[in-house]
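I opened my notebook to get to know a new structure. Come along and read the entries beside it.

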Amino acid sequence: MNSPSTPHGSAPYGAAPSGNAPRGNAPRGNAPRGTALRGVGPVGPAGLTGHDGPSWAPPRPAAPEAPPLPTAVSAADGNSGGEAGGGGGRDGRRPTSAPAAPHRLPLPRRLWSLLPVAGLLACAGLGFHRVFGPGPLLPVLAVAVPVPMALAAGLFLVQSRRERSAPLWPSLVLGVVVWLVAVRVMLFRAAAGGLTSGGAVPEIWSALLDSPHAILTTILPAPPDPDFLVLPHAVLWPAALAATELALRTRSPLLPALPPVLAFGFPLVLGVSGPGSNTLPAAGLVACGALLVLLRSRAARRGTVRTLSAGLPLVAVLALAAALLGPRLPGLASREPWDPRQDVHPPTVHPQSTSPLDQVAAWSQHPQTRLFTARSTAADRNWRLAVLDRYDGVKWTSGAELARSGGRVPPSRGTDPGRRERVEQRVHIQNLPGIWLPAVDRPSSLKITSRGDNSDDGHGSSGGEGDDGEARELAVDPASGVLALGEGGPTGTRVNSGLSYTTVSQAPVFDAERLKYAPVPDGTAYTSLPRTDAEGEPIEAVETFSKLAATATAGSSYPYEQAHKLAAWLREHYRFDPKAVPGHGYRNLEFFLTTGKHGTSEQFAASFAVLARTLGLPTRVAVGFRADGSGTRGADRESGSGKGTEQFTGRDALAWPEVRFKGVGWVPFYPTPGQASRDGSSVPPAGQPKEREKADRDIAEQPRPSVPPAQQDDDKSRGDQAADGGEGLPAWVYAPSAAVLLLLAYGGWAAWAPYRTRRRRRRARDPGQRVLGAWQQIVDRLTEIGLPATSAHTATEVAAFGVGRIGGSSSEQLPALARLVNEVGYGGRTPDEATADAAWRHCDAIEEVVARTVPRRERVKRALRPRTLLRHSRSGAHR
């Protein structure tokens, strides 16, 4: 016996095809001639058969003089798009069915679909959290998402009630006007004029055009200024308006998700170098997109609540898979995303401020001058103010290229010193001149808590802002990590007097084992020295420096050993003198090294940097303040800053050199000797932490091999990396991931197979096959409520079971439909399109009743059974 889902010509459930039926056997599914069924015409006189089929079936051949009586399709099978089909016409000919109306979503389902649309827009907006941070972004989302959605939906509903098509232009025009009002109220309150006068519109337009370039030239997160926040407003507002209009005016399940997805592309591109990750917003987009398709698909006709309860687990699985597996897909985990900042060249801004190295001698000669107070979680960490990496033979200057920042300092690229220590600091500027802000090592973030009034302790500001109307911008040098605020001014200008801020640093803890054989990077950026004068003659001082450096580092083989011996040689042969003559030009350093042999930390740091460059070591000079206990204590009582607050004065000023090692970064050295003790005993170098002193001693005392084990270390590191899975996932993750993927694939197939089978049956090109497909779909549903799963039932028996088990108006057409199935499958009759559509409408009604009868858990268990999937696979294969 073949299943009713067999090709055209097969008899359903016990009835054989007409060509293969045993002679003398009639199909048991045919009802008796005298049986009166709903939708079946009366039996005429002998030899003249009336319309004895279902209401949607075509009439049997009859005599021309006795046409069948017309019958109307029951209300349950009606369609708002036109007639679903009928019996024979009054002239006895087969009627021509009207074309079916296009599928259109009911208004309640379109309104329900606005919820996932709002979720899509919210996820797209949350993608900007890498550009601005969540704090400034939430007020933008609270306005730019719901307001345009409410505006578009309200206009659509008002115009729809007037029973006419809603035009689009009122929504567009009103949306632009309302956006201008909202942006002016939220961001540009101080704009000149108003909307009526047009004063704010040019300012908003100019800020919108400049915002992409401003964001690309700013260290993220960007400041929450109106010139920046206008961009997410302008991206989300039209996306919300377009998505709402598409959800209300179209029937496509996925088209309303296009504007939010396009809007999500903006933060993806602009926030590549920002903090955090967009994995969760992307997973939210996937979840809301799946929910949108679920609500707008044909499956939702069974009821919104029922559709959501059945589909939400699948949506959750898709979102979880996107969040966990998306970033780890092959080719994406180890690939650096394209950053448009690499192609954008911001205007170079060099600091216009006096070199802090020139001020070290002045601070040393005025040791009681109060510069700033600070509170730190690491009391032995030095404070760095500025970094000077360029030397022209006269003075050290900063090559910093300052970029605007919202408070974040990007990490140094290509370096990893190993273990780090988190150091939190609170700083209050008193009389510290210049634009530079002190912090421990390279900070990672900074937050200004008070901008002050440019005065402190009775000292007024001699320059700087002078006007609170012009806010100072925080700037960061990405290469060195130094902080600056303001644009500089004349020597001694207290630009930031009264400023208070908090900062967090990830101070490196250097490993002696790693530094021992660390090489220096290639290149001449930090090793070049002027070797000829203006007339092209060699400078004799450079030759002197080379000889002294060779003498100081005699017997050393590796870069760190050279730097360590050079610092020790300077501390041993020269003396610290805070009253020494300042200067760090060639002539000053030559006099210091060959004749004077005493100076401030300015000469010690500058001499080390110059001598090391003659050896090929990349160096720079850092200026800051030591935190070794030599500062003036007692700031707690005087300033009321709280426990742990330290007062920094001119006596704490210190300059030290730094050497760059490949893969490690900049490592400080301390050639300046400490204050000489009265008994002549040795004292630690000025500014050197105790742990660093111990590491240097271990390196100096440990015997060294003749050949560094560089190749061995490289092989070991590569082996460790391979054991850990390289840049991808560890090996043990792949087996559970494969199992999860298989389970997800099985669950997805179990959810898709019934839909695919039903879709193939309903979209068959032959109307007869569509009728048989509707009947097979009904048989599958009746099996869920007790019909034995066997092919021995006749169509009449299946119909009788359905009428007895379901009852009500939904089962009244089953006997007539069974007769039509036998006529199509056994008698070779060909129904029209309207008849097939009516059969499927009756199938929909049966499926709704079964869905209400069978518990959801039982339906899920039945769908996950392998034999259920096998039956659907065979059904698709036999199509």
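This is a predicted model: local features need pLDDT of at least 70, side-chain atom pairs count only at pLDDT 80 or more; totals for chains, interfaces and linings use all residues.

Entry 1. Next I searched the whole structure for aromatic pairs and found 19. Trp383 and Phe648 make an edge-to-face pair, with 5.7 Å from centre to centre and 65 degrees between the planes. This pair links distant parts of the chain: Trp383 belongs to strand β3 (residues 383-388), Phe648 belongs to strand β17 (residues 645-649), and they are 265 residues apart.

Entry 2. I then looked at Trp569 and Tyr574, which also form an edge-to-face aromatic pair, at 5.6 Å centre to centre and 70 degrees between the planes. Why does Trp569 count as buried? Its relative accessibility is 13%, and buried means under 20%. Tyr574 is buried because its relative accessible area is 6%, under that 20% limit.

Entry 3. Which residues are linked by ring pairs into a cluster? I noted Trp363, Phe372, Trp383, Phe625 and Phe648.

Entry 4. Strands of a sheet pair through backbone hydrogen bonds, either parallel or antiparallel. Here, strand β2 (residues 370-376) pairs with β17 in the antiparallel sense, over five bridges. I checked some positions: Ala374 has Glu646 in β17 as its bridge partner, and Arg370 stands opposite Thr649 in β17.

Entry 5. I followed β2 to another partner, strand β7 (residues 420-429), and found an antiparallel pairing over five bridges. In this case Ser376 stands opposite Gln425 in β7.

Entry 6. In what order do the five strands of the open sheet come? I wrote down β10-β13-β7-β2-β17, with antiparallel pairing. The edge strands are β10 (443-450) and β17, each of which pairs on one side only. From one strand to the next, the twist averages 25 degrees.

Entry 7. Which residues make the nonpolar surface patch of about 650 Å²? My list reads Leu168, Trp169, Leu172, Val173, Val177, Val181 and Val185. I also looked up where Val173 sits, and found it in helix α6 (residues 169-186).

Terms used. Residues are numbered from 1 along each chain as its sequence is written. Side-chain values use heavy atoms; hydrogens and water are left out. Patches are made of residues with over 30% relative accessible area and no salt bridge: like charges are joined within 9 Å, nonpolar side chains (Val, Leu, Ile, Met, Phe, Trp, Tyr) within 5 Å. Accessible areas come from the Shrake-Rupley method with a 1.4 Å probe; for residues, only the protein chains shown count as cover. A salt bridge is a side-chain nitrogen of Lys or Arg within 4 Å of a carboxyl oxygen of Asp or Glu. Helices (H or I, at least four residues) and strands (E, at least two) are DSSP runs, numbered from the N terminus. Rings of Phe, Tyr and Trp (its six-membered ring) pair if their centres lie within 6.5 Å; planes under 30 degrees apart count as stacked, over 60 as edge-to-face and the rest as tilted. Buried means under 20% relative accessible area, exposed over 50%, partly exposed in between (1.4 Å probe, protein chains only). Two strands pair if DSSP finds at least two bridges between them. Axes are lines fitted to C-alpha atoms, for helices over the stretch in contact, and angles run from 0 to 180 degrees between N-to-C directions.
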